[in-house]
Amino acid sequence: MATTLQDPRVESVLDRMYTETQNQMSLLRERHGQLERPMTTAERTEAMSEFYIPVTPDAGRLLYALVRATRPTTVVEFGMSFGISAIHLAAAVRDNGAGRVVTTELSASKIAAAKKTFAETGLDDVITILEGDALTTLEDQTGPVEFVLLDGWKDLYLPVLKLLEPRLATGALVVADNASAPDMAPYLDRVRDPANGYTSFNFLVRENDSMEVSCRTND
């Protein structure tokens with residue numbers, strides 16, 4: 001039986017988006033120095049407004065499998081970008097037969113593009129986009145959260161996690177991409193300390209980078 005990831009509409013969109021990602025790599029390398037300078041969140045968002053920087057195809061399929069296996073009612077994503085991760089998450093929610101994906105994004109241009117993409121894949125009915133600063137928009141998130149993907153600015157992973165912690169269900173999974181980034185230390189210190197209520201492990205998802213998967217073990 002085919003999965004939603006194998007739906008021709010979804011396959012076509014993901015293929016196109018990953019191709020565009022590869023086509024951007026040379027430009028991204030050219031601008032690397034500019035992007036490394038100190039910037040506000042708004043400045044960083046604007047500087048990265050044309051770039052995908054998605055999870056790898058393998059990581060996307062992993063996210064799909066984790067959501068299928070855990071069957072969360074609510075999936076929260078921090079950092080939608082153009083929506084590649086959200087498509088994988090939403091495909092799993094669709095195949096589970098229940099649930100929703102709540103994703104956050106600050107860039108207006110990325111939000112506009114993602115809305116069209118989600119409609120094109122037929123997954124827009126299971127995706128809610130929170131437009132604006134996630135530390136503000138996620139304050140109104142109600143009900144238990146059983147799955148979280150952190151894939152935005154790394155220095156905000158810990159504040160977003162702390163914001164969501166009161167609503168994390170026991171057994172909830174928190175997946176943090178780019179765990180090998182140098183500014184991930186505060187976040188990793190929290191989820192790797194069992195006293196904070198997590199069991200956590202790390203694995204490579206691409207050369208020189210990794211994901212951290214943490215299970216919420218207590219309320």
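Modeller: A definition comes before the aromatic groups: rings of Phe, Tyr and Trp, the last by its six-membered ring, pair if their centres lie within 6.5 Å, and planes over 60 degrees apart count as edge-to-face. Please keep in mind that this is a predicted model.

Biologist: How many aromatic pairs does this rule give?

Modeller: A pair of aromatic rings is described by the distance of the centres and the angle of the planes. With the rule applied, the count of aromatic pairs is three.

Biologist: What kind of aromatic pair do F78 and Y157 form?

Modeller: The ring centres of F78 and Y157 are 6.3 Å apart, and the cut-off for a pair is 6.5 Å. Their planes stand at 80°, and over 60 degrees is the range for this class. The pair formed by F78 and Y157 is therefore edge-to-face.

Biologist: How many residues apart in sequence are the parts that F78 and Y157 tie together?

Modeller: F78 belongs to strand β1 (residues 74-78), and Y157 to helix α8 (residues 157-164). The pair therefore ties together parts whose separation in sequence is 79 residues.

Biologist: Is Y157 buried or exposed?

Modeller: Buried means under 20% relative accessible area. Y157 has a relative accessibility of 0%, so Y157 counts as buried.

Biologist: Which helix holds Y187, the partner of Y157 in an aromatic pair?

Modeller: Y157 and Y187 pair edge-to-face, with 5.8 Å between centres and 80° between planes. Both residues are buried. Y157 lies in helix α8, and the pair ties together parts 30 residues apart in sequence, because Y187 lies in helix α9.

Biologist: Which residues form one aromatic cluster?

Modeller: F78 pairs with Y157, and Y157 pairs with Y187. The one aromatic cluster is formed by F78, Y157 and Y187.

Biologist: Which element gives the most to the lining of the second largest pocket?

Modeller: This pocket holds about 190 Å³ of space, and its lining divides into four nonpolar, two polar and three charged residues. Helices α1 (8-30) and α4 (57-70) each supply at least two lining residues. With four residues, the element that gives the most is α1.

Biologist: Which element supplies the largest share of the largest nonpolar core?

Modeller: The largest nonpolar core has 38 residues, and I87, L89 and F118 are among those with the most contacts inside it. Elements that each supply at least two residues of this core include α1, α5 (84-96) and β5 (168-176). The largest share, eight residues, comes from α5.

Definitions and conventions: Residues are numbered from 1 along each chain as its sequence is written. This is a predicted model: local features need pLDDT of at least 70, side-chain atom pairs count only at pLDDT 80 or more; totals for chains, interfaces and linings use all residues. Side-chain values use heavy atoms; hydrogens and water are left out. Rings of Phe, Tyr and Trp (its six-membered ring) pair if their centres lie within 6.5 Å; planes under 30 degrees apart count as stacked, over 60 as edge-to-face and the rest as tilted. Buried means under 20% relative accessible area, exposed over 50%, partly exposed in between (1.4 Å probe, protein chains only). On a 1 Å grid over the protein atoms alone, a cavity is a set of points where a 1.4 Å probe fits but cannot get out, and a pocket is an open set with protein on both sides within 12 Å along at least five of seven lines; lining residues have an atom within 4 Å of a point. Grid points are joined across faces, edges and corners, and a volume is the space filled by probe spheres set on the points. Ala, Val, Leu, Ile, Met, Phe, Trp, Tyr, Cys and Pro count as nonpolar, Asp, Glu, Lys and Arg as charged, and the others, Gly among them, as polar. A nonpolar core is a set of buried Ala, Val, Leu, Ile, Met, Phe, Trp, Tyr and Cys residues joined through side-chain atoms within 4.5 Å.
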